[in-house]
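Thanks for sending this one over. Here are my notes, jotted down in the order I went through things.

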Amino acid sequence: MIRRAQCLLRLHGNGGHCLLVSRLRCYATDEGNPKQNPNPNPRAQKPGTKNLPALRNPFTAAQDRTKNSYLTMVEIFQERDVHRRNHVEFIYAALKNMADFGVERDLEVYKALINVMPKGKFIPTNMFQAEFMHYPKQQQCIIDLLEQMEDCGVMPDHEMEAMLLNVFGRQGHPLRKYWRMMYWMPKFKNLSPWPLPDPVPDDTLEMAKLALERMCTVDLRSKITVFETSELKDAIDDTWIVSGMSPEQEKLLREHSRQKALYIEGPFHIWLRNRRINYFTLRADADSEFLSQLDERQLDEDDVSHIEVPFFGRAPPRRHNQLGKLRSVHQQDDGTIMAICATGTSTKDSLLSWIRLLEANGNPSIGEVPVLFRFTSEVPAKAEEIEGGASVPATSDSSSQDELNSSRAK
């Protein structure tokens with residue numbers, strides 16, 4: 001190669017020296033080898049193709065998935081490069097893997113991700129940059145971060161406002177998003193009449209108590225009782241039972257006809273934030289005669305077709321004396337709710353133990369009434385109905401009643 005260069009120098013003289021040096025540099029850096037570098041000129045690439053940097057997601061390869069390890073990886077990224085290249089991709093990867101580390105509701109982690117952004121570079125300097133979203137990729141990244149905070153119920157603080165002000169300035173779109181969040185989120189934070197602890201307890205028993213207390217607020221005299229199936233001798237499941245019942249429901253249960261059956265229906269679902277609790281109801285069929293009498297005696301106060309004016313010596317109209325039973329809040333059009341419960345196993349044996357415990361604790365009349373199981377919204381039964389083609393009955397067979405009666409005899 002050197003001999004060839006010397007020959008070329010002798011032939012072309014000093015005029016071809018610069019061209020030769022450039023060729024030698026190409027060979028030395030392997031830029032002239034098409035096998036090593038197929039696209040030496042980035043402008044010569046095909047339209048629509050991009051050379052993206054090879055990024056490795058450190059969050060997927062982490063073994064210790066805790067908050068400390070998450071913040072450590074964020075600090076390593078900040079100290080790795082002064083310019084903090086690929087910071088947008090890093091933030092999106094961090095947001096995607098938050099749930100795996102259990103930090104999706106931690107405000108400190110969100111502020112650490114905002115601190116990854118370079119300071120001062122993205123601040124608009126004129127009106128056009130402010131309105132046309134200066135550095136749109138970076139601004140949209142932080143807007144997505146704030147939206148994830150809003151979806152998870154994480155309310156920002158004033159320190160985050162100062163951080164966004166240092167990164168995007170007062171005219172930045174992320175700061176506008178922050179102001180909207182600070183206007184609406186405090187209004188909705190304490191709006192629910194059933195406040196929950198933050199964070200909600202992990203104990204299922206405590207969650208069941210909170211769920212039944214919420215549902216029993218329709219009757220302020222309702223009492224929440226926690227039973228243990230170990231109190232019964234023949235109980236199979238060793239679990240807890242949370243029962244809710246009011247004195248009005250006890251009265252309805254005593255006055256219930258011994259010839260009409262009661263039904264245990266469920267499981268139904270109630271959500272407490274991101275936790276789902278299954279509960280069951282003890283229900284009786286609606287008293288159609290009583291409800292029809294109420295409809296006949298009920299007067300429509302908004303009916304203005306027959307207005308009697310109490311003038312000119314005429315006595316004012318009086319309503320008819322309506323002496324009789326009043327409708328309870330537990331007497332609905334589709335049935336009468338006698339009690340509700342949530343068990344630790346949600347099995348038939350635990351519900352059977354619930355009926356026996358109600359009978360032993362101030363409700364002896366329930367032992368004289370037939371009780372049937374009526375399970376609804378059962379996923380395995382629905383799957384069997386769809387795949388097998390056989391019809392699955394909505395109510396259980398008579399063996400459930402026989403099982404309940406035999407357990408009472410014991």
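This is a predicted model: local features need pLDDT of at least 70, side-chain atom pairs count only at pLDDT 80 or more; totals for chains, interfaces and linings use all residues.

1. The protein has 16 helices and seven strands, and buried residues account for 35% of its 410 residues.

2. On how the chain contacts itself: take the contacts between residues at least 6 apart in sequence, and 69% of them join residues at least 24 apart.

3. Now the helix pair. Helix H8 covers residues 136-152 and helix H9 covers residues 158-168; their axes come within 12 Å and cross at roughly 165 degrees. Anything over 145 degrees counts as roughly antiparallel, so that is the label for H8 and H9. The crossing of the two is left-handed.

4. Which residues in H8 and H9 meet? From H8 you have Gln-138, Gln-139, Ile-142, Leu-146 and Met-149, and from H9 you have Met-160, Leu-164 and Phe-168. Sorted by type, the residues of this contact come out as six nonpolar, two polar and no charged. If you have the model open, the two glutamines on the H8 side, Gln-138 and Gln-139, are worth a click.

5. Next, His-330. Look for it in the loop between helix H13 (288-297) and strand E5 (331-332). Is His-330 buried or exposed? With a relative accessible area of 6%, His-330 is buried, since the cut-off for buried is under 20%.

6. Leaving aside residues up to four places away in sequence, His-330 touches Asp-219 and Ser-246 along with Glu-248, Gln-249, Leu-252, Gly-335, Thr-336 and Ile-337.

7. Last, Arg-84, which sits in the loop between helix H3 (67-80) and helix H4 (87-96). Its relative accessibility is 19%, and Arg-84 therefore counts as buried, given that the limit is under 20%.

Methods:
Residues are numbered from 1 along each chain as its sequence is written. Side-chain values use heavy atoms; hydrogens and water are left out. Axes are lines fitted to C-alpha atoms, for helices over the stretch in contact, and angles run from 0 to 180 degrees between N-to-C directions. Helices (H or I, at least four residues) and strands (E, at least two) are DSSP runs, numbered from the N terminus. Angles under 35 degrees count as roughly parallel, over 145 as roughly antiparallel, 65 to 115 as roughly perpendicular and the rest as oblique. A crossing is left-handed if the near helix is turned anticlockwise from the far one by less than a right angle, and right-handed if clockwise. Contact means heavy atoms within 4.5 Å. Ala, Val, Leu, Ile, Met, Phe, Trp, Tyr, Cys and Pro count as nonpolar, Asp, Glu, Lys and Arg as charged, and the others, Gly among them, as polar. Buried means under 20% relative accessible area, exposed over 50%, partly exposed in between (1.4 Å probe, protein chains only).
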